[in-house]
Every structure is written in structure tokens, then in C-alpha cells.
Amino acid sequence: RLRYLERQATYRATISNTGTAIANNVGLTLYLPRGMEFISAANDGTYMPDQHAVEWSLVELGAGAMATTEVALLPVQEGEFVLRMQGTADGVN
């Protein structure tokens, strides 16, 4: 969506375990574009300034379960930006 410079924007991400087994040691990493500054993260998200990314970790995500988290960012440059998220879990290729 259209965002205005210097106005905080909140983004929500939902992940789901569509498998039939519990996903253990689930990790999420949100890589922020250079035109966005980190403000805050819900659910114990940790900002890593050296990677300009936010990380979350879950002990497990049950089969068929979903988890949602949010991050607040501040647009500081004009342009089109993409938020890229990567997920990992034990045994997931």
C-alpha cells in the first residue's frame, strides 16, 4: 500500500503449519529495506541492526496452527520497497 514518509506503518505477518506434524524451533526473519527504519516488534521480535532485520522464534507450531506477529516501521525514503520474510524450522528443507 501507499505509505507516507515519516508516518509509522504497521505490518502483520501470519505463518501457518500446513503439515501433519509439529514444527519445532520455528524461526522467522524479516529483512527490512534500507528506506524503512525499525520502530518496534510484537511477540518478542528482536531487531538486529547489523542485518537491518527482525527475528522471531517459536519453540513449536502445531500441525494446522497459525501464528501472527507485527512490526512497526517508519518510511524514511521515497520508493517502492519489499519486505522479505524467511522462515525456518527443524527438518524443513
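A: Helices (H or I, at least four residues) and strands (E, at least two) are DSSP runs, numbered from the N terminus. This is a predicted model, in which local features need pLDDT of at least 70 and side-chain atom pairs count only at pLDDT 80 or more, while totals for chains, interfaces and linings use all residues. Residues are numbered from 1 along each chain as its sequence is written, and side-chain values use heavy atoms, with hydrogens and water left out.

Q: How many helices and strands does the protein have?
A: The protein has zero helices and seven strands. Along the sequence, the pattern reads β-β-β-β-β-β-β. The C-alpha trace spans about 45 × 25 × 20 Å along its principal axes.

Q: Which strands form the open sheet, and in what order?
A: Two strands pair if DSSP finds at least two bridges between them. Here four strands form an open sheet in the order β4-β5-β2-β7, with antiparallel pairing. β4 and β7 (84-88) stand at the edges with a single partner strand each, so one side of each has no neighbour in the sheet. On average, neighbouring strands of this sheet are turned by 25 degrees against each other, direction ignored; the axes behind such angles are lines fitted to C-alpha atoms, for helices over the stretch in contact, and angles run from 0 to 180 degrees between N-to-C directions.

Q: How many bridges join strand β2 to β5?
A: Eight bridges join β2 (residues 23-31) to β5, and the two run antiparallel. One of the residues to look at is glycine 27, whose bridge partner in β5 is serine 57.

Q: What is there to see in the phi of asparagine 25?
A: Most residues other than glycine have a negative phi. Asparagine 25 is not a glycine, yet has a positive phi of about 50 degrees. Asparagine 25 is found in strand β2. Aspartate 44 also is not a glycine and has a positive phi, of about 60 degrees; aspartate 44 is found in the loop between β3 (36-41) and β4.

Q: Is aspartate 44 buried or exposed?
A: Buried means under 20% relative accessible area, exposed over 50%, and partly exposed in between (1.4 Å probe, protein chains only). Aspartate 44 has 73% relative accessibility, so aspartate 44 counts as exposed. Asparagine 25, at 46%, counts as partly exposed. Of the 93 residues in the protein, 29% are buried.

Q: Where is histidine 52, and which residues does histidine 52 touch?
A: Histidine 52 is in the loop between β4 (46-48) and β5 (53-61). Histidine 52 is buried, because its relative accessible area is 7%. Contact means heavy atoms within 4.5 Å. Not counting residues up to four places away in sequence, histidine 52 touches Leu30, Tyr31, Leu32, Pro33, Arg34, Met36 and Tyr47. The side chain of histidine 52 reaches the backbone oxygen of proline 33 at 3.1 Å and the backbone oxygen of methionine 36 at 2.8 Å.

Q: How is a pair of aromatic rings read?
A: A pair of aromatic rings is described by the distance of the centres and the angle of the planes. Rings of Phe, Tyr and Trp (its six-membered ring) pair if their centres lie within 6.5 Å; planes under 30 degrees apart count as stacked, over 60 as edge-to-face and the rest as tilted. The structure holds one aromatic pair. The ring centres of phenylalanine 38 and tyrosine 47 are 4.6 Å apart and the planes are at 0 degrees, so the pair is stacked. Phenylalanine 38 is partly exposed, with a relative accessible area of 22%.

Note on methods:
A polar contact is a pair of N or O atoms within 3.5 Å; within protein, one must be able to donate a hydrogen and the other to accept it, and residues adjacent in sequence count only if both atoms are side-chain atoms.
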